[in-house]
Amino acid sequence: MTKRNRLLVFLLICVMLGTGVLMIFTGLKPNYQPDMVAKKVDYTYRDFAAKHADIKDGVIVLAYHRILKDNQVVNFAQRVSKNPQLQEYNVSQAVFNAQMAWLKQERISVWSSDELLAHIKAKDIKGKHVVITFDDIDTTLPRNAANVLFEKQFPFTFFVITGQVGKNLDGEQLASWPEIAKLSQRPGVTVGLHTNDLHYQVNNQPVLATHQVSQRDMIKDYKQSRTKIKAQLNRQPNVFAYPYGRANKTLTRYMMTYGVKGIYLLEPGIVTNDAQRMQQQIPRFIITDQNFKQLQDWLVMK
Ligand SMILES: [Zn+2]
């Protein structure tokens, strides 16, 4: 290496080190995005029944997002092609109807949210039960799913993003207030909260799981969601579901003190009598077109 080349290499190293030091001091980070894939839950629920054969008393809470008619499945896939994760949450109407028919046919007990909360509190869950929930409330709940639920007299709960009602959220058309009001008047229907306007992600992280929202703003958002439901539906919801299932300790503490009796997550798990603080971290299974079979096997297992 010539003297000149050595000098060049030396300068290059200086520049690289300098940049590194500068990045540390200015808080600049290399283009790093938190890896959601690593944290991603395995939605196949493979071997679920076998793994939980010893649990005889428990509740499975089903979480649905969109129930799509065949022609909508294609349209939806095209609209959200940039966000393939959203598609995993779709269930086709035919599959949904078959799932509900199966619950009826096997005489699986379907509880309302209030029944679930009462049994969690009393720690007296006996046998196996199911709770049916929907997040976001897009138009497919009133249009494609509600009728079969009413027909079978299955109670269900839906969680409204009060600040987004009627809007388009990441390609899904959310139901309007009149549609939501109509549903909420039916027996067996529970209306829950899903934040007023904190249902979005920053750098692939649900905003409530970051430090980007102050305690004050979080609480303000929660109060706004209550006020809107009261004004629109004349209801005082007692359940909340975290957007994307990611909890925030401060908000949980506040809500459990002021009005909320149950908080739902999206971690799969069975609600049992022996779990601690179950009311504020109720597990749920995201249902897809494929994974229901695993849960069925457990539900009918003696
Ligand atoms: Zn949601």
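**Reading helix pairs and a nonpolar core**

Reader: Is the crossing of α10 and α11 left-handed or right-handed?

Author: The crossing of α10 and α11 is right-handed. The rule goes like this: if the near helix is turned clockwise from the far one by less than a right angle, a crossing is right-handed, and if anticlockwise, left-handed. Before we go on, a word about the model: it is predicted, local features need pLDDT of at least 70, side-chain atom pairs count only at pLDDT 80 or more, and totals for chains, interfaces and linings use all residues. Residue numbers start from 1 along each chain, as its sequence is written.

Reader: Okay, and how many helices and strands are there in the protein?

Author: Both are DSSP runs numbered from the N terminus: helices are H or I with at least four residues, strands are E with at least two. The protein has twelve helices and 14 strands.

Reader: At what angle do the axes of α10 and α11 cross?

Author: Two packed helices are described by the angle and the distance between their axes. An axis is a line fitted to C-alpha atoms, for helices over the stretch in contact, and angles between N-to-C directions run from 0 to 180 degrees. For α10 (residues 215-233) and α11 (residues 249-257), the axes come within 10 Å and cross at roughly 45 degrees. The two are therefore oblique to each other. Under 35 degrees counts as roughly parallel, over 145 as roughly antiparallel, 65 to 115 as roughly perpendicular, and the rest as oblique.

Reader: Which residues of α10 and α11 meet?

Author: A contact here is two C-beta atoms, placed from the backbone, within 7 Å. Gln215, Met218, Ile219 and Tyr222 of α10 meet Thr250, Leu251, Tyr254 and Met255 of α11. That contact has six nonpolar, two polar and no charged residues. Nonpolar covers Ala, Val, Leu, Ile, Met, Phe, Trp, Tyr, Cys and Pro; charged covers Asp, Glu, Lys and Arg; the others, Gly among them, are polar.

Reader: What about α6 and α8: at what angle do they cross?

Author: Helix α6 (residues 93-105) and helix α8 (residues 140-151) have axes that come within 10 Å and cross at roughly 15 degrees. That makes α6 roughly parallel to α8. Their crossing is right-handed. On the α6 side you'll find Gln93, Phe96, Asn97 and Met100, meeting Asn144, Ala145, Val148 and Leu149 in α8. Five of the residues in this contact are nonpolar, three polar and none charged.

Reader: How many residues are in the largest nonpolar core?

Author: In soluble globular proteins, nonpolar side chains tend to be buried together. A nonpolar core is a set of buried Ala, Val, Leu, Ile, Met, Phe, Trp, Tyr and Cys residues joined through C-beta atoms within 7 Å. The largest one here has 61 residues, and Val61, Leu62, Val160 and Phe285 have the most contacts inside it. Strand β1 (residues 58-64) gives the largest share, six residues. Val160, leaving aside neighbours within four places in sequence, is in contact with residues including Ile137, Ile180 and Leu193.

Terms used
A residue is buried if 20 or more other C-beta atoms lie within 10 Å of its own, exposed if 12 or fewer, and partly exposed in between; C-beta atoms are placed from the backbone.
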